[in-house]
Amino acid sequence: MEAFVRETGRAVVIPNDNINTDIILPKQFLKNILKTGFGKDLFFDWRYNADGSLNATFELNKPAHQGASILITGNDFGSGSSREHAVWALTDYGFRAVIGGGFSDIFYMNSTKNGLLPIVLPEENRKILRGIQADETIQIDLPEQTVIYKNDTFHFDINSQWKEKFINGEDDIDNTMKYEQLIAAFEKQRPNFG
Amino acid sequence: MSKTLFDKIWEKHVITGGIGEAQLIYVDLHLVHEVTSPQPFDGLRNTNRRVRRPDLTFATMDHNVPTKDIFNVQDQMSRLQMDTLVKNTKEFNVPLASIGDDKQGIVHVVGPERGLTQPAKVIVCGDSHTATHGAFGAIAFGIGTSEVEHVLATQTIWQVKPKTMGIKVTGKLPTNTYAKDIIMGIIAKYGVSFGVGYAIEFYGETVQNLSMEARMTMCNMSIEAGSRTGMVQPDQTTFDYVEGREQAPKDFGAAKSYWSQFYTDDESDFDETLTFDVSNLKPMVTWGTNPGMATPVDQFLPEIKDDNDANAYDYIGLHPNMKPVDINLDYIFIGSCTNSRYEDLEIAANMMKGHHLAPNVTAWIVPGSRAIRNRAIKSGIAKIFEDAGCEWREPGCSACLAMNPDKIPAGKHVASTSNRNFIGRQGVGSRTHLASPAMVAAAGIAGHFVDITTDEFV
């Protein structure tokens, strides 16, 4: 997975609460058997009109926001279906971090496995960030656990193991196989009733 | 030390890692389906890894399955996912119940039915409704696709232990209200995210009196409250359900005595507790676009409080001075991992017996598994549905998520026994109203919702 240490980027604001994974990536796109190519379908129902043309009023489609790497959103982002495809769509589009009021547990875990940094900030901080102009940038510093915008510095919390994983860009399976002997020992003593 | 059911099972599964950090947890049962497994198997292939424990892994097909003509998969991408699962399970020696197989069905229906789901296990699946299996007193939760690959390769998963929440359910369940109404009532009262970060245990006499099927319905919808895990303490009802099933432990006595040590010592062991009294519970119906937007059937729909409400009303085509009885229905759907078990179908059939669907109502009855389908045909339940004018379908996820040909057309109202009323969930522009199987069946006959707790029905 791609490491995440620091990111300076432009941001898009989609302030709604309860953006579930059906909205992030509708189910018709779950049929791919690859992990790539979902970016064009991100927020599909909001991004495109019924005739397939771009919905020009949607934030993601505004020319000034092209190339943005940080998404600023509301509470309870990523609820609903466990589809990791929602995270792949966000990263494939080019997002490196999502700043919200809260994330569903499954979405949060999925993000930690794909280098998409989920940042929880309280409403008073996000209110300030929502004022960002298209040509302004936000700095995210993971080692320092800070989000910097203009003169404001906001601190965020993250579990130390997830933090390390982001910074090192580690593959989980290789890491786990370091414990192979412990796993094998555990298997020997598991209850087995036939 | 006094502990919760969740704590006790968790501790038995920790391989390494300390409290408060991610711990490596052993997985006793990994359920696999065609939608969230292609990338993980591909990942194993690319890294020359194997499935560590095919014997603790079980695969079936459900999300894409056509329920009308089960072998006739028209959608090329659906076919590709299903064919890919056949190829992958063969290559990696994982047992598969494919379409047509006696064991095929919705993964969360088939696991318990085969006896694979057992108390005190850790059970995972790349699907958020894995919480269903917690009804057996197991720790069961949905995982993402990278985690599926990790479990296939290592039979373990890294998790930070969640906090625990006890939901005590009290009171006698009124006639014609069900587990579905309890869980919908809880979510309507406390919202769609109160469970985030918590493993929920449902307990109390009301829960003890529920069947396994009813407990599964409650645990299934824990995720609609934000909790990955819902569970119920295993008891005699649980043991009776598991005993004699194909994959039940051969030394059942030993298993039972092992399982009997798993219970919450004291209510004060939970990090949080809530209580919910069902004595005056009414059948619940959703009016909006998340499962928390629900109301008792005899109440007016709520006033508009914010943009979320306004948007929901706009999408669903209703307004606050209506009641659920005023919602005219075009479709009814009885199925899904929430409510497609034999008991659910039996309850619905009893409501429909001797009646016919209202004109203009289309009804899809989709049993959760091949075994349930066969049993319902044998017992005559299937015929009750057919005589009422319903379409009696093949097992699969069907219109719960409409990834298959079963899609509710735009603008149409559907009374559904499923779990999510999200925008577009049951088809682009579809308008979903979640309710219990009894409510949905009665609504199909009337053409609109009816209060099945009134004298006419009890």
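Strand 3 (residues 29–32) of chain B and strand 4 (residues 57–60) of chain B run parallel and are joined by three bridges. One of the pairings sets Val32(B) against Ala59(B) in strand 4 of chain B. The model is predicted. These two strands belong to an open sheet of five strands in chain B, with the order 5-4-3-6-7 and parallel pairing. Strand 5 (96–97) and strand 7 (139–142) of chain B are its edge strands, each pairing on one side only. Strands of a sheet pair through backbone hydrogen bonds, either parallel or antiparallel.

Chain B has another open sheet. Four strands make it up, in the order 11-10-9-12, again with parallel pairing. Strand 11 (229–232) and strand 12 (272–277) of chain B have a single partner strand each, so one side of each has no neighbour in the sheet. On average, neighbouring strands of this sheet are turned by 25 degrees against each other, direction ignored. Within the sheet, strand 9 (residues 163–170) of chain B pairs with strand 10 of chain B in the parallel sense, over six bridges. Lys168(B) stands opposite Tyr203(B) of strand 10 of chain B. Helix 1 (residues 5–13) of chain B packs on this sheet and touches strand 9, strand 10 and strand 11 of chain B. The direction of helix 1 of chain B makes about 125 degrees with that of strand 10 of chain B.

Stay with Tyr203(B) for a moment. This residue lies in strand 10 (residues 198–203) of chain B. Is Tyr203(B) buried or exposed? Tyr203(B) counts as buried because 22 C-beta neighbours lie inside 10 Å, and the cut-off for a buried residue is 20 or more. Leaving aside neighbours within four places in sequence, its contacts are Gly166(B), Lys168(B), Gln233(B) and Thr264(B). Glu394(B) is 191 residues from Tyr203(B) along the chain, and their C-alpha atoms are separated by 34 Å.

Now to the helices of chain B. Helix 2 (residues 38–46) and helix 5 (residues 145–154) of chain B pack at an angle of about 50 degrees, with their axes 8 Å apart. Helix 2 of chain B and helix 5 of chain B are therefore oblique to each other. Their crossing is right-handed. On the helix 2 side of chain B, the contact residues are Gln39(B), Pro40(B), Gly43(B) and Leu44(B). They meet Thr145(B), Val148(B), Glu149(B), Leu152(B) and Ala153(B) in helix 5 of chain B. By class, this contact has five nonpolar, three polar and one charged residues. An α-helix has 3.6 residues a turn, so residues three or four places apart point the same way.

Helix 13 (residues 370–379) of chain B has Arg370(B), Ala371(B), Ile372(B), Arg373(B) and Ala376(B) buried. The buried residues of helix 13 of chain B pack against helix 4 (107–114), helix 12 (342–352) and helix 14 (381–387) of chain B. Just after helix 13 of chain B comes Gly380(B), with a positive phi of about 95 degrees.

Turn to chain A. Its secondary structure comes to eight helices and eight strands. The C-alpha atoms of chain A fill a box of roughly 60 × 45 × 25 Å along the principal axes. Chain A has 194 residues, of which 39% count as buried. Among its contacts between residues at least 6 apart in sequence, 71% join residues at least 24 apart.

Strand 6 (residues 138–141) of chain A has alternating side chains. Strand 6 of chain A pairs with strand 1 (residues 6–9) of chain A, antiparallel, over four bridges. Here the bridge partner of Thr8(A) is Gln139(A). Strand 6 of chain A also runs antiparallel to strand 7 (residues 146–149) of chain A, joined by three bridges. In that pairing, Gln139(A) has Ile148(A) as its bridge partner. Strand 6 and strand 7 of chain A form a hairpin with four residues between them. Gln145(A), in the turn, has a positive phi of about 55 degrees.

Last comes the interface. How many residues of chain A are in contact with chain B? There are 40, in contact with 49 residues of chain B. Helix 4 (105–112), helix 6 (160–168), helix 7 (172–177) and helix 8 (180–189) of chain A each supply at least two residues of the side of chain A that touches chain B. The residues of that side divide into 14 nonpolar, 15 polar and 11 charged.

Definitions and conventions. Residues are numbered from 1 along each chain as its sequence is written. Chains are lettered from A and ligands numbered from 1 in the order in which they are written. This is a predicted model: local features need pLDDT of at least 70, side-chain atom pairs count only at pLDDT 80 or more; totals for chains, interfaces and linings use all residues. Two strands pair if DSSP finds at least two bridges between them. A residue is buried if 20 or more other C-beta atoms lie within 10 Å of its own, exposed if 12 or fewer, and partly exposed in between; C-beta atoms are placed from the backbone. Two residues are in contact if their C-beta atoms, placed from the backbone, lie within 7 Å. Axes are lines fitted to C-alpha atoms, for helices over the stretch in contact, and angles run from 0 to 180 degrees between N-to-C directions. Angles under 35 degrees count as roughly parallel, over 145 as roughly antiparallel, 65 to 115 as roughly perpendicular and the rest as oblique. A crossing is left-handed if the near helix is turned anticlockwise from the far one by less than a right angle, and right-handed if clockwise. Ala, Val, Leu, Ile, Met, Phe, Trp, Tyr, Cys and Pro count as nonpolar, Asp, Glu, Lys and Arg as charged, and the others, Gly among them, as polar.
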